[in-house]
Amino acid sequence: MSENSIWPQHEITQNLVREVANGNETAVNDLLERHRQALRRLIHFRLDRQIADRVDASDVVQDVLLEASRRLKDYVSDPKMPFHLWVRQLAQDRMIDLHRRHHAQKRSVDKEQRLQSPAFGDRSSLNLAAQLRDDQLTPAAAMIRKELEERFLQALEQLDENEREIIVMRHVEHLGNGEIAEALELSPAAAGMRYLRAIRRLKAVLTASDSDSESASES
């Protein structure tokens, strides 16, 4: 796991999982609370904007943690994947359920409206273009970073779901290739190839966007 990962340090999490397996009730709360902030950042980023207008990300986080608490005994008895990938999957399942219910209720929404709604929720909660804090940036540098973030996100929304997913996992969550492969149930080689294809596609979209901007400025 990268040191920039949004997920807590894996070694400490492993120790807590062992404590939970040994019957330490205090460790249960410590383990779950330890992942609350990472879950909140992931869910805040991934929620469809229309859903985010109706559902508070904190409520979704709480639902995920409650589900994790209910299923924790089964997990610690046979942990088939690292805890952060397991709880991440619970969050993914919860968001998929929310999206399905939302779109089932909104089948009559005009296609143009849906295209104008960003695929991601509150993207400002994640620093996509730099790891520097805002107070370390000059106003000009902060403006450039914001522009880079916006370009990145606009390009990201033009990719298909598989392409978006693996880029978010690598560059937002900062998961390693092995973790991504495990989460997506792929071989490391297949995960690596999917990532390379997604990056090539993202670069192509960004290049096309640059060309369009230059053409517009020249006309």
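Entry 1: I am working with a predicted model. The largest cavity holds about 30 Å³ of space. I listed its lining as Met81, Leu85, Arg88, Gln89 and Ala183. By type, the lining splits into 3 nonpolar residues, 1 polar and 1 charged. Helix 6 (residues 83-105) gives the largest share, 3 residues.

**Entry 2: His84.** I stayed with helix 6, where His84 also sits. Is His84 buried or exposed? I count His84 as buried because its relative accessibility is 3%, under the 20% cut-off. I then checked for a partner, and the side chain of His84 makes a polar contact of 2.8 Å with that of Glu179.

**Entry 3: salt bridges.** How many salt bridges does the structure hold? I got 11. In helix 6, Asp97 and Arg94 are 3 residues apart, so about one helical turn separates them, and their side chains form a salt bridge at 3.4 Å, N to O. Asp97 is partly exposed at 32%, and Arg94 is partly exposed at 23%.

Arg164 is buried at 15% relative accessibility, whereas Glu161 is partly exposed at 41%.

**Entry 4: the network.** I traced the links onward and found Arg46, Arg88, Glu161, Arg164, Glu165 and Glu173 joined in a network of salt bridges. Arg88 takes me back to the cavity, as one of the lining residues.

Technical notes: Residues are numbered from 1 along each chain as its sequence is written. This is a predicted model: local features need pLDDT of at least 70, side-chain atom pairs count only at pLDDT 80 or more; totals for chains, interfaces and linings use all residues. Side-chain values use heavy atoms; hydrogens and water are left out. On a 1 Å grid over the protein atoms alone, a cavity is a set of points where a 1.4 Å probe fits but cannot get out, and a pocket is an open set with protein on both sides within 12 Å along at least five of seven lines; lining residues have an atom within 4 Å of a point. Grid points are joined across faces, edges and corners, and a volume is the space filled by probe spheres set on the points. Helices (H or I, at least four residues) and strands (E, at least two) are DSSP runs, numbered from the N terminus. Ala, Val, Leu, Ile, Met, Phe, Trp, Tyr, Cys and Pro count as nonpolar, Asp, Glu, Lys and Arg as charged, and the others, Gly among them, as polar. Buried means under 20% relative accessible area, exposed over 50%, partly exposed in between (1.4 Å probe, protein chains only). A polar contact is a pair of N or O atoms within 3.5 Å; within protein, one must be able to donate a hydrogen and the other to accept it, and residues adjacent in sequence count only if both atoms are side-chain atoms. A salt bridge is a side-chain nitrogen of Lys or Arg within 4 Å of a carboxyl oxygen of Asp or Glu.
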